[in-house]
Amino acid sequence: KGGVIVLRGTSDIPALAVLQNSNFRILWGSRAIHEVARRMELLVLVLLLREITGSYFQLGLLAVFLNAPRPVLSLFSGVIADRLDRRLIMVAAHACYFAIATIILVLLIANVLEPWHVFGVVFLQGLAKVLDDPSRRTAMFDLVGAERIANAVALEQGTSNIGKIMGPLVGGILIAATGFTGA
């Protein structure tokens, strides 16, 4: 009005309004980093397994092992997220993710990585993810409230989609530049 330009702040864009909450920004930011890293790691593991085994069947098994914990544990993961400390669950899940990446790296550097190692670690990732997801989503609700949960979930979903693009892109670049160990 009257020649004054008004810049829209995050509070004017409903999906971004949740970023006004500093604790949500931390949760969302860590999720963004995790999603890129997770997608990068999955690409690296798939390509590494293909190089080790040459078997497309074993590539399919990778998805089976990653998702095997979901059908049974997802029945209880919401209850666990409600009854235990969500922050502790998320910290434990991310510590597990870090430990898994470290184990794979050590086995790769030692040149002793076997397919069963890869299957074992992706199974553990699946276990951690089954507990991480409901804990994070419930924590989001705690942070932003009922009136903004749809916006928080929309923002998180957008972050997940960006991770699905950036993770494999970064992983592919790192594999090409530094090999599997560098990636």
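The largest pocket of this predicted model is lined by 23 residues, of which Ala37, Arg38, Glu41, Tyr97 and Ala101 lie nearest its centre. A pocket here is an open set of points on a 1 Å grid over the protein atoms alone, where a 1.4 Å probe fits and protein lies on both sides within 12 Å along at least five of seven lines, and its lining residues have an atom within 4 Å of a point. Helix 2 (22–53), helix 5 (86–109), helix 6 and helix 7 (149–182) are the elements that give two or more residues to this lining, and the largest share, 10 residues, comes from helix 2. The space in the largest pocket amounts to about 460 Å³, where a volume is the space filled by probe spheres set on the grid points, which are joined across faces, edges and corners. By class, its lining holds 15 nonpolar, 5 polar and 3 charged residues; Ala, Val, Leu, Ile, Met, Phe, Trp, Tyr, Cys and Pro count as nonpolar, Asp, Glu, Lys and Arg as charged, and the others, Gly among them, as polar.

Residues are numbered from 1 along each chain as its sequence is written, and side-chain values use heavy atoms, with hydrogens and water left out. Because the model is predicted, local features need pLDDT of at least 70 and side-chain atom pairs count only at pLDDT 80 or more, whereas totals for chains, interfaces and linings use all residues.

The C-alpha trace spans about 70 × 45 × 25 Å along its principal axes.

The second largest pocket contains about 280 Å³ of space. Its lining is formed by Asn23, Ile26, Leu27, Ser30, Arg31, Arg87, Met90, Val91, His94, Asp132, Arg136 and Leu143, which divide by class into 5 nonpolar, 3 polar and 4 charged residues. At least two lining residues are supplied by each of helix 2, helix 5 and helix 6, and helix 2 gives the most, with 5 residues.

Two packed helices are described by the angle between their axes and the distance between the axes. The axes are lines fitted to C-alpha atoms, for helices over the stretch in contact, and the angles run from 0 to 180 degrees between N-to-C directions. Helix 2 and helix 5 pack at an angle of about 30°, with their axes 12 Å apart, which makes helix 2 roughly parallel to helix 5; angles under 35 degrees count as roughly parallel, over 145 as roughly antiparallel, 65 to 115 as roughly perpendicular and the rest as oblique. Helix 2 passes helix 5 in a left-handed crossing, a term used if the near helix is turned anticlockwise from the far one by less than a right angle, with right-handed used if it is turned clockwise. In this packing, Leu27, His34, Glu41, Leu45 and Leu48 of helix 2 meet Met90, His94, Tyr97, Ile100, Ala101, Ile104 and Leu108 of helix 5, where contact means heavy atoms within 4.5 Å. The residues of this contact comprise 9 nonpolar, 2 polar and 1 charged.

The axes of helix 5 and helix 6 come within 8 Å and cross at roughly 155°, and helix 5 is therefore roughly antiparallel to helix 6. The crossing of helix 5 past helix 6 is left-handed, and the contact has 14 nonpolar, 5 polar and 5 charged residues.

Helix 3 (residues 56–67) packs on helix 6 (residues 115–144) at an angle of about 30°, with the axes 7 Å apart, so that helix 3 and helix 6 are roughly parallel to each other. Helix 3 passes helix 6 in a right-handed crossing.

Key
Helices (H or I, at least four residues) and strands (E, at least two) are DSSP runs, numbered from the N terminus.
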